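Here are my notes on the model you sent over. Have the structure open beside you and go through the points in order.

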Amino acid sequence: MGRFGLGGAWLLVGTVGLVGGCRTQILGGDTDTARGPADDSDGFTVDTSVAATMSLELLYPPYVMEVGEDVVLEGRIRGVDGPGFSASSDVDGPLSATLSADRAFAVPLDGLSAGNHVLTLTATHPEHADVVEELYLGVCAWPEVETFDDASLAGWSLYGDAVWDAGGWLEITTNAQSKSGHIYLTNRVVKPGDFEVSFDFATGGGGYTGADGYSVNIVAVPTVQDLETYIGATSNGGCLGYGSSGPCGSHPVTALHVELDTWHNGEFSDPTSANHIAIARDGDPSDLLVWAALPFEDLTWRRVTVTGRGTRLSIAVDGSVIASKDIPDFQFEGGYLGVSGSTGYAYNHHRFDNLEIRDRCEVP
Ligand SMILES: [Ca+2]
Ligand SMILES: [Ca+2]
Ligand SMILES: [Ca+2]
């Protein structure tokens with residue numbers, strides 16, 4: 001939970017240089033003498049012998065937050081007893097807010113829509129001019145989940161045998177022998193840095209066991225033309241349509257791959273003869289960074305989430321982490337995201353759906 005208000009250090013809003021996104025306005029210009037108690041309940045002593053003014057105080061106001069994030073804007077009204085309080089956004093209108101007996105207010109921000117907001121906080125009192133605080137807040141968001149329910153596949157480019165299925169998912173190879181397919185999102189790149197990519201997959205239902213599998217790839221090339229050169233340089237079979245270097249070719253590339261491998265290739269250093277989910281890089285399936293065995297050749301949908309936080313890579317399936325490892329020299333470079341796969345003598349469906357990309361969050 002991102003909670004702006006912990007730590008006990010209340011900061012005075014309106015102090016020059018304190019919070020660049022805030023400014024305080026005292027409307028009307030008329031201040032009154034405080035009529036509060038001589039001993040304030042929070043330990044501050046109010047000197048009733050001098051003129052006092054009502055003020056709004058905020059603690060660590062956020063400048064940017066993620067859409068839906070559990071952030072609460074907190075602060076306090078000082079200088080008077082029995083004030084009123086309200087909050088609003090120029091984009092979303094009035095916001096729900098609470099004001100406690102000791103004049104602490106809380107404004108949950110998790111309902112704000114993505115975009116740039118001016119939040120207006122208003123303290124009212126029958127004997128004082130309103131005090132209005134404006135706070136500038138960016139609410140960032142990620143792309144919508146790609147459900148592949150629409151046959152148009154806007155933004156995607158298909159190569160080889162990859163097809164859209166009327167069930168509302170992709171078939172990367174089709175359920176037949178000696179197929180290879182690729183599909184890439186070519187109107188957006190995944191940004192470098194920390195990332196989280198989630199998707200549903202289902203494979204099986206074919207002929208013979210293991211065939212060969214597929215891979216989600218993020219390829220750091222500058223242009224779609226360079227991407228297509230890379231695709232053309234990849235090999236099939238155990239290279240799963242992503243291998244372009246090492247045992248699969250001589251086309252070096254900077255890339256990250258999430259293998260869903262159902263065929264044991266001893267010559268590629270497959271670490272197990274079991275089905276495995278693995279992370280490889282740079283077009284080389286023989287150098288796995290992280291892997292875990294998991295039986296999945298049953299045409300059952302499972303959800304995979306691959307997370308990169310600094311140098312730590314993790315793989316979760318249906319919400320449970322099955323592999324996590326720190327790779328000291330790992331650096332995620334981002335790039336074009338796609339899926340590749342291949343079949344040989346043995347074959348399977350290679351289905352893919354519900355892609356969710358969470359790279360650097362941006363304010364739209
Ligand atoms: Ca779907
Ligand atoms: Ca393999
Ligand atoms: Ca493998």
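Which residues coordinate the calcium ion (ligand 3)? That is where I'd start, after a word on the ground rules. This is a predicted model, where local features need pLDDT of at least 70 and side-chain atom pairs count only at pLDDT 80 or more, while totals for chains, interfaces and linings use all residues. Residues are numbered from 1 along each chain as its sequence is written, chains are lettered from A and ligands numbered from 1 in the order in which they are written, and side-chain values use heavy atoms, with hydrogens and water left out.

1. The calcium ion (ligand 3). Its donors are E259 (OE), E259 (OE), D261 (OD), D270 (OD) and H276 (NE2), at 2.2 to 3.1 Å. A donor here is an N, O or S atom within 2.8 Å of the metal (3.2 Å for Na, K and Ca), and water is not among the atoms, so sites may look incomplete. Along the sequence, the donor residues of this ion are spaced E-x1-D-x8-D-x5-H. E259 counts as buried at 0% relative accessibility. For the accessibility words, buried means under 20% relative accessible area, exposed over 50%, and partly exposed in between (1.4 Å probe, protein chains only).

2. The calcium ion (ligand 2). This ion is held by D261 (OD), D261 (OD), W263 (O), N265 (OD1) and D270 (OD), at 2.2 to 2.4 Å. The spacing of its donors along the chain reads D-x1-W-x1-N-x4-D. D261 bridges the calcium ion (ligand 2) and the calcium ion (ligand 3), which lie 4.0 Å apart. D261 is buried, with a relative accessible area of 1%, whereas W263 is partly exposed at 38%.

3. The calcium ion (ligand 1). Here the donors are T147 (O), D149 (OD), G168 (O), D353 (OD) and D353 (OD), at 2.2 to 2.6 Å. They follow the spacing T-x1-D-x18-G-x184-D. G168, in the loop between β14 and β15, and D353, in strand β26 (residues 347–358), are 185 residues apart, so the pair links distant parts of the chain. Both G168 and D353 are buried. On naming, helices (H or I, at least four residues) and strands (E, at least two) are DSSP runs, numbered from the N terminus.4. F148 has a phi near 55 degrees, a positive value in a residue other than glycine. F148 sits in the loop between β12 (128–140) and β13 (156–160), and at 0% relative accessibility it counts as buried. N354 has a positive phi as well, near 50 degrees, and is not a glycine. N354 lies in strand β26.

4. The seven-stranded sheet. What is the order of the strands in this open sheet? Seven strands run β14-β15-β26-β17-β22-β23-β24, and the pairing is antiparallel. The edge strands are β14 (163–165) and β24 (320–326), each pairing on one side only. From one strand to the next, the twist averages 25 degrees. For that angle, axes are lines fitted to C-alpha atoms (for helices over the stretch in contact), and angles run from 0 to 180 degrees between N-to-C directions. Two strands count as paired if DSSP finds at least two bridges between them.

5. β14 and strand β15 (residues 169–171) run antiparallel and are joined by three bridges. D165 has W169 in β15 as its bridge partner.

6. Strand β10 and its partners. Is strand β10 (residues 104–108) mostly covered or mostly open? Four of its five residues are buried, so mostly covered by the cut-off under point 1. Strand β6 (residues 71–78) pairs with β10 in the antiparallel sense over five bridges, and G75 has F105 as its bridge partner there. Strand β9 (residues 98–99) is joined to β10 by two bridges, also antiparallel, with T98 partnered by A106. β9 and β10 form a hairpin with four residues between them, and R103 in the turn has a positive phi of about 75 degrees.

7. Y63, V64 and V363 make a nonpolar surface patch of about 250 Å². Patches are made of residues with over 30% relative accessible area and no salt bridge, with like charges joined within 9 Å and nonpolar side chains (Val, Leu, Ile, Met, Phe, Trp, Tyr) within 5 Å. A salt bridge is a side-chain nitrogen of Lys or Arg within 4 Å of a carboxyl oxygen of Asp or Glu. Accessible areas come from the Shrake-Rupley method with a 1.4 Å probe, and for residues only the protein chains shown count as cover. Y63 is found in the loop between β4 (55–58) and β5 (64–66), and at 41% relative accessibility Y63 counts as partly exposed.
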